[in-house]
Amino acid sequence: MKLENRRLCVFLSMYLHVILLYFLKHTTSVNALGSKTDRLALLDIKKSISGDPKGVLSSWNDSVHFCNWNGITCSHRHQRITGLNLQSYDMQGTISPSIGNLSFLRVLNLRNNSFFGEIPHQAGNLFRLQHLNLSDNLLEGKIPANLSYCSELTILSLRSNRLTGVIPSKLGSLVKLEVLNLGKNNLTGEIPPSLGNISSLRQFSIAYNNLAGTVPDELGRLKSLSYFAIGPNNLSGMIPLSLYNISSMSTFSLTDNQFSGTLPPNIGLTLPNLQAFGIGGNEFSGTIPESFSNSSQLQILDIAENNFAGQVPGSLGNLVNLRWLGLSNNNLGNYSSNSLDFIASLTNCSSLEILDLSLNNFAGVLPGSVANLSTQITKLYLGVNRISGTIPATLENLGNLIVLGMQDNLFKGVIPASLGQLQKLQILGLEWNSLSGKIPSSIGNLTQMFQLYLSHNKLEGNIPRTIADCQSLQYIDISQNSLSGAIPQQVFGIFSLSLLLNLSRNSLSGSIPVEVGKLKNINALDLSENNLTGEIPESIGDCQSLEFLYLQGNFFPGNLPSALASLNGLRYLDLSRNNLTGQILKDLEKLRFLLYLNLSFNALEGEVPNKGIFQNSSAVSLVGNSKLCGGVPKLQLPLCPQKLKTSVPKLTIIIICVAAAASLLLLSSFIIFFLEEEIEKGIIFCKLNSQFPFKGFIQEASSGHQWILSKHADWNRRLRLCI
């Protein structure tokens, strides 16, 4: 019995050994075949890549095993490709359909390149794939519906491409998906309700598409959501209340859609982990819930561009982590005198960087507590309200301000010189108020400022020369004030001016300095409605970027500067209501971009050109120049005097006349001298009469040279006897 058992054991051992050898041989054969498939697939992928500026694929050759190629990860056991990572290599090309042959692939990351064409449907064969990231490329076409076969997917990111079509409803079967990012494409259609089946989903973004319809109630089942971004799109309707009850939510963004309704009063209690809440650009209404103060982690609260009304809760000051509070473009404040009292509570928000209260119904005096806001604040927007009082000089405390917008309010008094301490300021907007006094010279300290708005106030005095120290300025508008004196030539030395210099509707005098030609990058120059004199300098032709030039309503004399015709990009030119004389520059008709030309009410004369801008009578105004003529018929100007077909130079005519008179005088003198020698002989008269046509000569002479005949009256009498 023992012998039989021993024989059985030996037999079984030999049998298992044979089976194991066969299995190993078969496995080795399969692995070899699989490895060959992977290698060939990679070579196909390489062929489809037309641009590899960093030489990443230079290692993809037979000198090393493909598992050692750049961007490749293989499994240790089978030596099969499990990862293909070519992120951020600036590659160009298409994604080869052979990608579907990498059957062991778990990670495919081609993010941040320039791959174009369509996503190959063969990608749906990658049943082991867990991470698919094709974002930040140039991919087009539709999202392959068979990506739903990649049942192990946890991350699917196709953000920032050019994908079109609808979101496949089959993606709802990817029950292991944790991240779905389809933002920044051209997707249309509606949000599939099936996406509510992905209970594991943590991040969901379909922002920046063209999706329409409503938000499905089924999305409220996504209880693991922490990131939810569905705007901008064209979505509408009301947000399902169940979405406001996902306590794990940290980012909630619905911006720039057409959602309506009110916010739940208890929103801060149901979303306790909220860090960013953005619903700007919708049609929400009602009041701001007090309960927001319970979302203690809240850093961004943006409800701008809606229809919220009422007062701003002072409890927002409890949000000590708040960095951005955007309330602009609503109906907040009710124009009550205490509508800005909540600002005092915001002084507790020590991390506040952006406060936007513009375009509301706030009124009353700006509280001094505004100067006690966080020193981290960089942008303060108070514009387009009915805020009154003076500008607090203590605003200098906000030393990190980059933008200060107080425009279109009821501020009075002077511009505090202390604003010159805001040396990081880049944009200062004080226009459309009732500010008076002078522009403080301390404005020259704002050397980083690139936009200055002071128009529509009651400012007076001279333009400070120190403004030239603001060598970063691109835009200056101090129009519609009572400024006087000459324009400082230093203003034209601000070489950074590229957008606008508007000094119109003041009482500025003097001439335009020749330094105006230094504004080589200026796009628009408006010096209209002042008291400027002197001829327009030819150096204005150096402003080669000019598209808009307004000099109307001044006292400029002289001819149109010929340099105007060299402003090849000019689109609008208004020189009306000045004292300009001479002819219209014919070369103005060569300005092919000119859309509007107003030369009315000057003293221009001569023929109007009839080509270019002058062919369009609706784009040209010449009224009030009584000596102009010609032009196209629609201008209804008188015809110009007809010119001779052949013209003889005046000098030639004078020479001919003088020569003829001299010849006639010489001939007359010769005849008189000759006749006086023979007159006593009495025979010369009849002799001459028979040889010379005296009648015609006398008639011709009597018309132009009577002084000859009167001097020789006796000779003349005897001559007539012979006739």
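Contact here means heavy atoms within 4.5 Å. Keep that in mind for the residue Gln552. The model is predicted.

Start with Gln552. This residue lies in the loop between strand S39 (548-550) and strand S40 (557-558). Leave aside residues up to four places away in sequence. Gln552 then touches Ser528 and Glu529, and also Asp574, Leu575, Ser576, Arg577 and Asn578. Is Gln552 buried or exposed? Its relative accessible area is 11%. Buried means under 20%, so Gln552 counts as buried.

Now step back to the whole protein. The chain elements come to seven helices and 46 strands. How much of the protein is buried? Buried residues account for 49% of its 723 residues. The accessible surface of the protein is about 34400 Å². Carbon and sulfur atoms hold 54% of that surface. Contacts can also be sorted by separation along the sequence. Take those between residues at least 6 apart: 52% of them join residues at least 24 apart.

Next come the aromatic rings. Rings of Phe, Tyr and Trp pair if their centres lie within 6.5 Å. By this rule the protein has 11 aromatic pairs. One of them joins Trp60 and Trp69. Their ring centres are 5.4 Å apart, with 20° between the planes. Planes under 30 degrees apart count as stacked, so the pair of Trp60 and Trp69 is stacked. Trp69 also pairs with Phe66. Here the centres are 6.3 Å apart and the planes stand at 75°. That pair is edge-to-face. Trp69 thus takes part in a stacked pair with Trp60 and an edge-to-face pair with Phe66.

Trp69 is at 3% and counts as buried. Phe66 is at 4%, and is buried too.

Elsewhere, aromatic residues gather in a group. Which residues form one aromatic cluster? They are Phe204, Phe228, Tyr244, Phe252, Phe277 and Phe292.

The charged end of Arg128 sits over the ring of Phe104. The distance to the ring centre is 4.1 Å.

Methods:
Residues are numbered from 1 along each chain as its sequence is written. This is a predicted model: local features need pLDDT of at least 70, side-chain atom pairs count only at pLDDT 80 or more; totals for chains, interfaces and linings use all residues. Side-chain values use heavy atoms; hydrogens and water are left out. Helices (H or I, at least four residues) and strands (E, at least two) are DSSP runs, numbered from the N terminus. Buried means under 20% relative accessible area, exposed over 50%, partly exposed in between (1.4 Å probe, protein chains only). Accessible areas come from the Shrake-Rupley method with a 1.4 Å probe; for residues, only the protein chains shown count as cover. Rings of Phe, Tyr and Trp (its six-membered ring) pair if their centres lie within 6.5 Å; planes under 30 degrees apart count as stacked, over 60 as edge-to-face and the rest as tilted. A charge sits over a ring if NZ of Lys or CZ of Arg is within 6 Å of the ring centre and within 35 degrees of the ring normal.
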